[in-house]
Amino acid sequence: MKARQIVRSRIREQELNPVFHFQDKQEDNQILTRARIKQALKSGVLNLSSKGLATVPEKVWNLSDSDENEKEVRYDLDRSSEAESWWNQKSLTTLDLSSNTLTTISENIQNLADLTVLNLQDNALTSLPNGIGALTKLTKLSVSRNKLTELPESFFQLKELQHLNLSHNEFPEMNPNISDLIMLETLDVSFNSITALPGGVGFLVRMQQLTLNNNHLTELPNDIVNLRKLQKLDLAKNDLKKLPPVMGELRRLECLYVQHNDIDELPDFTGCEALKELHISNNFIKTLPGDFCENLPQLKVLDLRDNKIERLPDEIALLASLTRLDLSNNTISSLPSCLSTLAHLVSLQVEGNPIRSIRRDIIQCGTQRILKTLRERDGTKGKVEGKPGTTMVKNTLFSEGSTFPDVYQMRKGRALIVCSKGLIDIPEAVFLDALEASVYNVDISKNKLTSVPAGITHLSSLLTELNVSFNLLQTVPAFFSQFEKISYLNLSNNQMTDLPEVVGLLVTLRELNVVSNQLKRIPDCVYELRGLEIFLAHGNQIEEIDASENGLGALKRLATLDLANNNIKHILEKGTESIMSYLRDRIPQ
């Protein structure tokens with residue numbers, strides 16, 4: 001019985017067809033079926049990708065020839081419709097041999113004179129045939145993910161080549177004759193072992209995308225700045241010590257990737273007005289020059305993480321289009337308040353810095369909370385200090401010589417920001433313009449307002465953030481009850497002794513700042529704000545706190561409570577120990 005089982009097992013093993021095995025030439029030839037030949041002759045496209053080919057079937061190089069083996073196919077075509085007749089056959093223009101196990105390509109490839117697209121990626125090629133130089137119509141070639149170390153001299157006769165992918169090979173250098181391929185628009189030589197670029201690379205004047213990441217480049221030739229049409233340059237993960245000093249010559253450059261190098265200073269980017277993304281993380285940059293910020297009006301992404309930067313210049317406020325700023329893991333100890341004027345900034349990463357000017361819990365709350373904190377600071381609203389001997393640079397939200405922003409300027413950031421202007425009133429027309437611009441953020445801090453301008457009621461259905469800090473306000477007007485969407489209200493640094501009941505009607509309010517006023521107690525209206533999460537009231541004259549269920553106990557969502565620098569002596573209703581325990585969990589450490 002056991003013997004029978006063993007025999008049966010052996011039979012099954014003999015009948016198995018292994019999934020992974022190297023095909024012989026006969027099996028390779030069988031891949032090119034009559035149906036594939038017919039389709040290729042009809043469309044001009046032959047796709048033999050992922051067929052396990054160890055060799056290219058010989059028929060591939062002579063698809064259009066009539067030999068004895070193909071007569072039956074010809075007869076079939078003769079009997080077919082007019083569209084499939086032999087006189088309507090197309091020459092092969094696209095050949096895909098990717099993802100096989102090819103080690104060589106036949107010299108007969110020169111027979112495919114009409115080929116425009118050739119895909120040889122993901123094989124095991126160690127060389128290319130000289131015959132490839134005969135493919136003078138070739139516009140797109142990929143030989144990525146092979147084992148190539150050099151290219152044949154005939155390769156550089158491919159004058160029509162526009163897209164060339166040589167990535168993931170073993171090239172130790174780039175052949176200087178690459179400059180003969182003057183039609184190139186994209187070139188990818190990433191993931192090789194290249195240590196230097198040939199000087200002639202500057203002759204590739206049609207180049208739009210150059211990918212050189214993951215090599216061993218230590219410097220770039222100066223003529224690389226002659227690539228005037230270049231839009232994307234990827235130099236990440238090399239050994240570069242510096243960039244060419246006149247990077248500004250690349251006037252069409254939109255994306256620059258130089259992360260993971262050894263760069264210790266930024267070059268002059270004057271002229272790179274189209275630059276939208278600059279990724280320069282994991283280098284050794286120590287300073288961010290002020291003129292760097294002045295010359296990049298379109299910059300949207302600035303990645304400076306993992307460098308040695310100690311401070312940010314005030315001119316960073318001139319990067320008006322910035323949406324993402326990553327400063328993680330530097331040595332920055334404080335953030336300039338002018339960051340809050342960047343109307344489009346939606347991502348600010350500052351983790352891993354020794355920042356002492358902003359509480360840790362605020363940093364952990366993310367971008368919007370950090371920017372709100374910066375808005376509350378004194379100083380840089382409305383202007384930016386220049387270098388010694390230079391003129392003041394105004395906030396880009398304002399037109400030169402104008403007190404108020406126009407509709408277009410407000411629409412860009414959905415914000416009305418009029419700070420540090422010494423205003424005693426704001427015309428109604430300004431708020432009507434703000435309404436047209438769909439403004440939801442109003443900052444009129446650091447003026448001389450004795451009352452909140454009535455014109456702001458035009459924004460009652462839109463307003464979510466209002467900052468009237470650093471003015472001369474003594475109370476809040478009754479029309480505040482119309483602010484049905486407001487979530488952030490900053491009344492700090494005014495002259496208020498109490499808050500009216502109308503504030504208690506702001507049911508959407510999440511953060512209330514009454515820092516540095518003249519309050520002697522927490523106003524009763526505050527206890528009505530059941531959605532309140534942050535209440536800042538330090539620097540007043542508060543003497544007592546109601547911690548009952550109708551007082552602070554009613555604010556179930558309260559996460560941050562700042563009552564520092566007050567005169568608290570008495571806590572109502574509950575025992576001191578229990579109330580202090582309650583407050584201790586909410587007062588920032």
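Contact means heavy atoms within 4.5 Å. The exercises below concern a predicted model.

**Exercise 1.** Find where Ser167 lies, decide whether it is buried or exposed, and list its contacts beyond four places in sequence.

Solution. 
1. Ser167 belongs to the loop between strand S5 (163-165) and strand S6 (186-188).
2. Its relative accessible area is 5%. The cut-off for buried is under 20%, so Ser167 is buried.
3. With neighbours within four places in sequence set aside, Ser167 is in contact with Ser144, Arg145, Asp188, Val189, Ser190 and Asn192.
4. For Asn146, which is 21 residues from Ser167 along the chain, the separation of the two C-alpha atoms is 8.5 Å.

**Exercise 2.** Determine which residues of helix H9 (residues 428-436) are buried, how they are arranged about the axis, and what they pack against.

Solution. 
1. The buried residues in H9 are Val430, Phe431 and Ala434.
2. Viewed down the helix axis, these residues fall within an arc of 95°, so they line one face of H9.
3. The packing partners of the buried residues are helix H8 (407-413) and strand S16 (415-417).
4. After H9 comes Ser438, which has a positive phi near 55°.

**Exercise 3.** Work out the strand order of the open sheet of seven strands, and identify its edges.

Solution. 
1. The order is S16-S17-S18-S19-S20-S21-S23, and the pairing is parallel.
2. S16 and strand S23 (560-562) each have a single partner strand, so one side of each is left without a neighbour in the sheet. These two strands are the edges.
3. On average, neighbouring strands are turned by 5° against each other, direction ignored.
4. In one of the pairs, Ile534 has Thr560 of S23 as its bridge partner.
5. Helix H7 (residues 367-375) lies across strand S17 (441-443), strand S18 (465-467), strand S19 (488-490), strand S20 (511-513) and S21. H7 runs at about 20° to S18.

**Exercise 4.** State the confidence of the chain, and locate stretches where pLDDT stays under 50.

Solution. 
1. The chain has a mean pLDDT of 85, with 84% of its residues at 70 or more.
2. One stretch under 50 is residues 66-75, with 11 contacts beyond four places in sequence.
3. Another is residues 378-401, for which the model has 51 such contacts.

How values were computed: Residues numbered from 1 in each chain as written. Predicted model: local features only at pLDDT ≥ 70, side-chain atom pairs only at ≥ 80, totals over all residues. Heavy atoms only, no water. Buried < 20%, exposed > 50% of the residue type's maximum accessible area, 1.4 Å probe, protein only. Arc of directions from axis to C-beta. pLDDT = per-residue confidence, 0-100. Pairing = 2+ DSSP bridges. Axes fitted to C-alpha atoms, helices over the stretch in contact; angles between N-to-C directions.
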